[in-house]
Amino acid sequence: MNNAENDLYQEVVLEHKRAPRNFGTLEHATHQAQGTNPSCGDRVAVQLRLDGERVADIRFTGQGCAICMASTSMMTEAVKGRELAAAQALQQHFRAVLTGEEEPEDAPLGKLVSLAGVRQYPSRIKCALLGWHALMHAIADNDGQTVSTEEGRP
Amino acid sequence: MLDTVRDLPLADLRAQFPLLAQSIHGHPLAYLDNAATTQTPLAVQQAMQRFEQHDRANIHRGVHSLSQRATDAFEAARATLKGFIGAGQEHELIFTSGTTEALNLVAQGLWAAGPAKAWLRPGERIIVSGLEHHANLVPWQQAARMSGAELVILRPDAQGRVHVQDLQALLTPATRVLAITAGANATGERPPYEQMLALARAAGALTVLDAAQAVGHEMLPLTALDCDFMAFSGHKMYGPMGTGALVGKREALQFLYPVRLGGDMVDWVSYEAAGYAQLPARLEGGTPNVAGAVGLAAAAQFIAGVGRSAIDRYLHALRAQALAGLSAIDGITVLAPHATQATLVSFVARDVHPHDIGTLLDERGIAVRTGHHCAQPLLDHLGLGPTTRASFALYNTAEEVDRLIAAVAHAIKVFQ
């Protein structure tokens, strides 16, 4: 039996939801993308300042459920100051854990492991991935494009 | 017992819905998502099973006994449903897969005949209320694009109400269609549609009523409404999914160019051309969902048997209980609190997203719907975004409403 308050909404997740890190707009952003899941109403915009192959700074704005906000907040902490390749690898591990292709204990997720419980709630996986999806599109330089993690959407 | 005080034999009724007797995450299921889909009683399930086991065959063309029985069952279902909604001699009922298909038959049918013949012409006006489900908006957007008509929205005020005088101001001699809901699924708002249909009809427009949320409840008979087309679904009135109907005045239905072309809807066919059949066949191309029609008619009989006024009295009391309890929680805003004829409550919580509330409610066995409820423009207009919606049916109990209120209060505490 699932227990959402232990598995899904761990204290660290709720804490990020209440006080998201790196929240706000970034001046002199070099890359950005928006993610939106219209049926939920989740909406996040991710802005980056890349310094060569490094994420020099990152901010996000938007609103969404606790899972979406906490995941995006923790994502910004995890990738800030790191190489692009490391950010992309982390995204792949995070995604693989949520979709059940990788076990949480085998993946180098750090604090993000607190979101591994989302894999028990299939309808919420798209919430956890939205900010990451926007990040990948920002890195790919799909400037201004709005992306989604809902089925059948771009 | 409290339940019989409220006029419904609740224990007997609940026994008619076997699905309800189950646990979700260790709690008894409290199914409060009835505005999306109601459950079906045994009477509906048995009527469909009887058809499938004894009478199933294709209708209308066969000379064999089963085909005749299936045809009889289908036509009997049509007659039952026409009686249920108070249709008259001047009306015909077209079976569809639901409200969405019914509304599309109307909207497409009014432009599909082409620029010279269609009801809708360039420069004419389509008015759609701002309360609508996407199913009564998007087809009209397309109709406007395809015909060159303009789409004008009857905008709600800040409380989500639409006003007769605002409609009056939008009606012009060029207005050809008014499309409006009998009850807004996202908020519970109940527009003064009787008056609005009459005004639009008097101005020369065809009138379209989305009765998806209303058909299982007390309504004026169709003969008493200035309504050219009414659409409804089976699965929101204790009937099968994938069933529904478009009911219209025959003279209005004649304006619809058939968009389901093929078998059953033609009188004669050559390699070059075809002559279309009379109503209702003209608009019912292809093999219909006959078991579904039989089940839908059984659902109508079930509702009539319990009594629509008794059902509504009971549901209005459940809604009032939910409204009072939820409004008392700090940080909760209930939409359209004035909509006393609604059978749902839709609400937002300060700093707490509906999906998070919905997940914690599910944890306690309570099923509600969260999101935009296919009415994104309305929620954007009200500046609200997604909501949590609890919607009631005749098998819900006061105890389930208490559980809802307690679970929402708990969720707010967890997330704020």
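**View 1. Helix α12(B) meets helix α14(B).** Here Asp356(B), Ile357(B), Leu360(B) and Leu361(B) of α12(B) touch Ala407(B), Val408(B), His410(B), Ala411(B), Val414(B) and Phe415(B) of α14(B). Contact means that the C-beta atoms of two residues, placed from the backbone, lie within 7 Å. Helices (H or I, at least four residues) and strands (E, at least two) are DSSP runs numbered from the N terminus. By class, this helix contact has 8 nonpolar residues, 1 polar and 1 charged. Ala, Val, Leu, Ile, Met, Phe, Trp, Tyr, Cys and Pro count as nonpolar, Asp, Glu, Lys and Arg as charged, and the others, Gly among them, as polar.

A quick note on the model: it is predicted, so local features need pLDDT of at least 70 and side-chain atom pairs count only at pLDDT 80 or more, while totals for chains, interfaces and linings use all residues. Residues are numbered from 1 along each chain as its sequence is written, and chains are lettered from A and ligands numbered from 1 in the order in which they are written.

View 2. Two packed helices are described by the angle between their axes and the distance between the axes. For α12(B) and α14(B), the axes come within 9 Å and cross at roughly 125°. Axes are lines fitted to C-alpha atoms, for helices over the stretch in contact, and angles run from 0 to 180 degrees between N-to-C directions. That makes α12(B) and α14(B) oblique to each other; under 35 degrees counts as roughly parallel, over 145 as roughly antiparallel, 65 to 115 as roughly perpendicular and the rest as oblique.

**View 3. Where chain B touches chain A.** Chain B brings 15 residues into contact with 17 residues of chain A. On the chain B side, α12 (354-363) and α14 (398-415) each give two or more residues, and α12(B) has the largest share, with 5 residues. This side of chain B splits into 4 nonpolar, 9 polar and 2 charged residues.

**View 4. The two domains of chain B.** The domain assignment, which is automatic or from a database, gives domain 1 (2-31 + 307-415) and domain 2 (45-304) in chain B. Their C-alpha centres lie 29 Å apart. Where they touch, domain 1 of chain B supplies 22 residues and domain 2 of chain B supplies 20. The domain 1 side has 13 nonpolar, 7 polar and 2 charged residues.

**View 5. A sheet of 7 strands in chain B.** The strands of this open sheet run in the order β4-β10-β9-β8-β7-β5-β6, with mixed pairing. Strands pair if DSSP finds at least two bridges between them. At the edges stand β4 (91-96) and β6 (150-154) of chain B, each with a single partner strand, so one side of each has no neighbour in the sheet. From one strand to the next, the twist averages 20°. Inside the sheet, β5 (residues 125-129) and β7 (residues 175-181) of chain B pair in the parallel sense over 4 bridges, and Ile126(B) has Val177(B) as its bridge partner. Helix α4 (residues 65-85) of chain B lies across β4, β9 (229-233) and β10 (244-249) of chain B, at about 120° to β4(B).

**View 6. A hairpin in chain A.** Strands β2 (residues 42-51) and β3 (residues 54-63) of chain A pair in the antiparallel sense over 9 bridges. Arg49(A) is partnered by Asp57(A) in β3(A). The hairpin has 2 residues between its strands, and Gly52(A) in the turn has a positive phi of about 65°.
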